[in-house]
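Please look over these notes with the model open beside you.

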Amino acid sequence: MVDFLAENNLCGQAVLRIVSRGNAIIAELLRLSEFIPAVFRLKDKSDQQKYGDIISDFSYFKGPEYYESKLEAKPELQDLDEEFRENNIEILSRFYLAFESVHKYTVDLIRYLDDLHEGVYIQQTLETVLLNEDGKQLLCEALYLYGVMLLVIDQKIEGEVRERMLVSYYRYSAARSSADSNLDDICKLLRSTGYSSQAGAKRPANYPESYFQRVPISPTFVSMVIGRLRSDDIYNQVSAYPLPEHRSTALANQAAMLYVCLYFTPSILHTQQAKMREIVDKYFPDNWVISIYMGITVNLVEAWEPYKAAKIALNYTLDTANIREQASRYSASVDSLRPQIHQLLKEGFLREEIVLDNIPKLLNCLRDCNVAIRWLMLHTAESAYDPNNKRLRQIKDQVIADSKYNPKILFQLLLDTAQFEFTLKEMFKQMLSEKQPKWESYRTEGSERMTELAEVFSGVKPLTRVEKNENLQAWFREISKQIQSLNYEDSTAAGRKTVQLIQALVEVQEFHQLESNLQVCQFLADTRKFLHQMIRTINIKEEVLITMQIVGDLSYAWQIIDSFTSIMQESIRVNPSMVTKLRATFLKLASALDLPLLRINQANSPDLLSVSQFYSGELVAYVRKVLQIIPESMFTSLAKIIKLQIHDIMEVPTRLDKDKLKDFAQLGARYEVAKLTHAISIFTEGILMMKTTLVGIIKVDPKQLLEDGIRKELVRRVAYALHKGLIFNPKAKIQDWQSVYQSTHIPIPKFPSVDESATFIGRLCREILRITDPKVTCYIDQLNTWYDLKNHQEVTNNRLFSEIQDTLGTFGLNGLDRLLCFMIVKELQNFLNVLQKTILRDKAVVDVFKAMLSAVNPVKGIVGNASKVYASAVAKTQKIWGPYLESIMKVGQMQILRQQIANQLNYSCRFDSKHLAAALENLNKSLLADIEAHYQDPSLPYPKEDNNLLYEITASLEAAGIHNPLNKIYITTKRLPYFPIVNFLFVITQLPKVQYSKNQGMTCRKATDPVDWPPLVMGLLTLLKQFHSRYTEQFLALIGQFIRSVMEQCTSQKIPDMPSDVVGALMFLEDYVRYTKLPRKVGLN
């Protein structure tokens, strides 16, 4: 019959693919559970108030029209909804695909069972598949993995959060309109169960069986799977654990599968006492805390509380005497095993001949250690006992008391066992690789020894007084041939024959009185030794490695191990060389990856890489977490050294009186510095002793670990210092996983907010904006200085940015510039929203714009009765300019700050890295020349869309300050009606608030009605830059027409002085042309 897992066996491949996908889905669910956007939990009051109207659970489906109409009624809610969609649609889609794959898994499993029932697979039925060893395993796993998926979803992604995410995805995606979308089925399967993973939360009625029944699975299939799990050893694990007291450990994986599958037929748990008694007697006679998948633990006392039959059956296990017996047994086991392991780990004890002679003993020791560690780790784990449950507390206290549980001793045993296991495995791997060459070399040596002895008895070879003996000569020749004829391939026959040859050599020595000749005795003894070595070598079997792999499984501790982190870190701090033993423990933990990856690998699934990367990444992150104690301890020592050097150790002067030498020696303080420095070097040695290790599929380089750890600690300390130092006292959101700057290995730490800013850079930026606020300061462009409007004192100047660069470095200053850039974008977006949704929707104001438009046409002409026309329009639109002015001034203020930052960055770049500055400028000029040439002749080259050159060079140019912030396009815009007229009216409204001074240019007329001229011009310039240049031309034409019309009226009325508004308008044109670097003829035209 064809092998069930063969590639041409469609029946086997179909179920293998299902099981493989099941393992991959669970990995994706676990990965995503760490990226749930906090806002969907609606825990904070602020989140509830802000997002309460746009995030809804399944109650949305009762009246979607009501919810949507509520949103449409408020424009600000629509904006928030749009922003929320943009921020979260990517992660929502990823969650939806994971949820959809769970539903698809059930559909595919049910279809496969139907195909089996209908005979689609020739000669295969459910019964025949369950008779096959692989088929039986896969069908049991298929049901078990579905149960695990549902439990993982409920444990890691709360019901309410799932509902909110599904509703948000439904609202924001095209799934609602797609005919083949199975969103309804997914919602039915994953609607909230009422379960909460919080400690002390009440368990919902009929949970989880009602949850498991949402998509019904064939009862016959469930019943047959449970039957197989109850009666068979489906993974043949008992052979690896021959002792009867280890049986429950041998069947632990199967017990976990049975626990999950029983929820598909809760009647067994409720009423079938005989079956439950049989299950408990076989799988749970001495244990009640189990690991169901990758370290997710379950306490049966709590889990089976609502089920009568299960509860009664388990009572025998939970009998006080039984608990005491088990706990005492493992306590005694630990006491006896520790000295054994210490003896085995002594340097030079585990030699090849000792290992080969004592394989069964060593394996028994390994089994005992692993079984004891497993039982004690699971039954004393904090996560397995709900502190609010009195009975669980009592059981836990009894286990801890009777087993004399000491986490440090248990951890030490785990370390030693892992080290012993690792050493033994490495020795066995080496012996297996050298097995055949060694065996053949022993055979050759033995055969040659016999040939030499045969020659000795020929009487030809001179050896002290050996008489010629043709019989012995012939006999030894024959033995030599027999040894040479031993065949490595037929190990059983070779082993039997080798034993007979050893016996023959013993007998020949006795019967022929050869003891008297020492040389002959030595030859015979050597040959016997070689034959013994051949027997030992032929007994090196791969089965031993497989048994060690099964026995050494640590997947149950995937999550519990975290509770030992503090012990690990403490032991490293006391003895940094402990890292070498921890390496073996981490590798032992890495063996847990075999469980989810086995089927994915067998199915040749493309998911293999992503799943192994996820679990390996989790483990490497844990390794980093444990070893982070080394950089932390180093920095603590460094802080002490700095304190001693600054505060305690006096600087030795160049000349020193002899009698003061002792005072300056300060031997105590200097000894302390030397001791601390030595401690730091010991720590670094400790981590470097770990050697490069493959954890799962990720290579861990200790040098890289140390460097990353030091950088992480440095980032944390610098960020904390800046967080504490940069707190001032005035009265789109990027997710972590989206940020290019955030790293899992060297994370930027988050501190509790002290104001609206997320970090110290935000606080620094807002403080600079506060002290240079155009409402209270006046910026004088020629001096690059801000003055207070009221007392005319200097507030700050461009040296501020030089000091920031000295403090935060070029990256800090560049980061400040980027933040200002995003603030300008936000301000411009808000401004355009206000313009479109309030100003351009106000009918009275739009009528003024229309009348003005007809009054100024043609623009090249002159407006009759100018002062009246303009004054009337200004008076009618007075109410709209307050917010408009505020936005324009904010943008202008930020542009001035960006200019100052660019100047500082450019100055320092030219000063500190003149070659870099020159190279960037030349590359920029040549690129611009090429692009201009391409637009004149499209056949010339131009960077393609997938070429990052322009994007990357822009980042470098901005970091070097080689750019003009005023020329930037910050937002994309659509055509807006009356835009030039609106801006023109805005400018002439502001002109009366400023006055011209020969020394200072345009300044504010009254401190009570502040308008700062440079931010006003730059803000308006930036706004116009976001639109088509046609708008700018029309706007400048209107200003020109205003100047001509007012001057014409003054001339006809013989007014001798130029009105101040005209002076202001002329100065506006002058400054506009200067800032934009346009030719002056533009202004003159």
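**Notes on the model**

1. His-792 is exposed, at 59% relative accessible area (buried is under 20%, exposed over 50%, partly exposed in between; 1.4 Å probe, protein chains only). The residue sits in the loop between β6 (785-788) and β7 (794-797). Its phi is positive, about 60°, although His-792 is not a glycine. Helices (H or I, at least four residues) and strands (E, at least two) are DSSP runs, numbered from the N terminus.

2. A word on the source. This is a predicted model, where local features need pLDDT of at least 70, side-chain atom pairs count only at pLDDT 80 or more, and totals for chains, interfaces and linings use all residues. Residues are numbered from 1 along each chain as its sequence is written, and side-chain values use heavy atoms, with hydrogens and water left out.

3. The loop between α8 (183-190) and α9 (209-212) holds Pro-208. Asn-206 is found in that loop too. Asn-206 has a positive phi of about 55° and is not a glycine. The peptide bond joining Tyr-207 and Pro-208 is cis, with omega about 5°. Most residues other than glycine have a negative phi, and most peptide bonds are trans.

4. Pro-858 lies in the loop between α37 and α38.

5. Next, helix α38 (residues 866-876). Its buried residues include Ala-866, Tyr-870, Ala-873 and Val-874. Seen down the axis, the buried residues of α38 fall within an arc of 100°, so they line one face of the helix (the arc is that of the directions from the helix axis to the C-beta atoms). Lys-868, Ala-875 and Lys-876 are exposed on the other side. The buried residues pack against α37 (843-856), α42 (979-990) and α44 (1029-1052).

6. Which residues touch the most other members of the largest nonpolar core? They are Tyr-112, Tyr-259, Met-276, Phe-284, Trp-288, Trp-304 and Tyr-615, out of 212 residues in this core. A nonpolar core is a set of buried Ala, Val, Leu, Ile, Met, Phe, Trp, Tyr and Cys residues joined through side-chain atoms within 4.5 Å. Helix α4 (residues 75-118) gives the largest share of this core, 15 residues. A second, separate core has 89 residues, among them Val-845, Tyr-870, Phe-986 and Leu-1021. In soluble globular proteins, nonpolar side chains tend to be buried together.

7. Phe-284 has contacts beyond its neighbours within four places in sequence: Ala-255, Ile-279, Ile-290, Leu-300, Trp-304, Leu-314 and Thr-317. Contact means heavy atoms within 4.5 Å.

8. Ile-341 is in helix α17 (residues 320-344). Ile-341 is buried, with a relative accessible area of 0%. Not counting residues up to four places away in sequence, Ile-341 touches Cys-365, Cys-369, Asp-416, Thr-417 and Phe-420.

9. Ser-633 belongs to helix α31 (residues 629-648). Is Ser-633 buried or exposed? Ser-633 counts as buried, at 7% relative accessibility. Leaving aside neighbours within four places in sequence, Ser-633 is in contact with Arg-573 and Phe-683.

10. The largest cavity holds about 160 Å³ of space. Its lining has 17 residues, and the closest to its centre are Ser-248, Thr-249, Ala-252, Asn-287 and Arg-374. On a 1 Å grid over the protein atoms alone, a cavity is a set of points where a 1.4 Å probe fits but cannot get out; lining residues have an atom within 4 Å of a point. Grid points are joined across faces, edges and corners, and a volume is the space filled by probe spheres set on the points.

11. Which helix gives the most to the lining of the largest cavity? That is α19, with five residues. The lining of the largest cavity divides into 10 nonpolar, five polar and two charged residues. Ala, Val, Leu, Ile, Met, Phe, Trp, Tyr, Cys and Pro count as nonpolar, Asp, Glu, Lys and Arg as charged, and the others, Gly among them, as polar.

12. The second largest cavity has a volume of about 70 Å³. It is lined by 10 residues; Arg-624, Leu-627, Gln-628, Leu-705 and Gly-709 lie nearest its centre. The largest share of this lining, four residues, comes from α34.

Note on methods
On a 1 Å grid over the protein atoms alone, a cavity is a set of points where a 1.4 Å probe fits but cannot get out, and a pocket is an open set with protein on both sides within 12 Å along at least five of seven lines; lining residues have an atom within 4 Å of a point.
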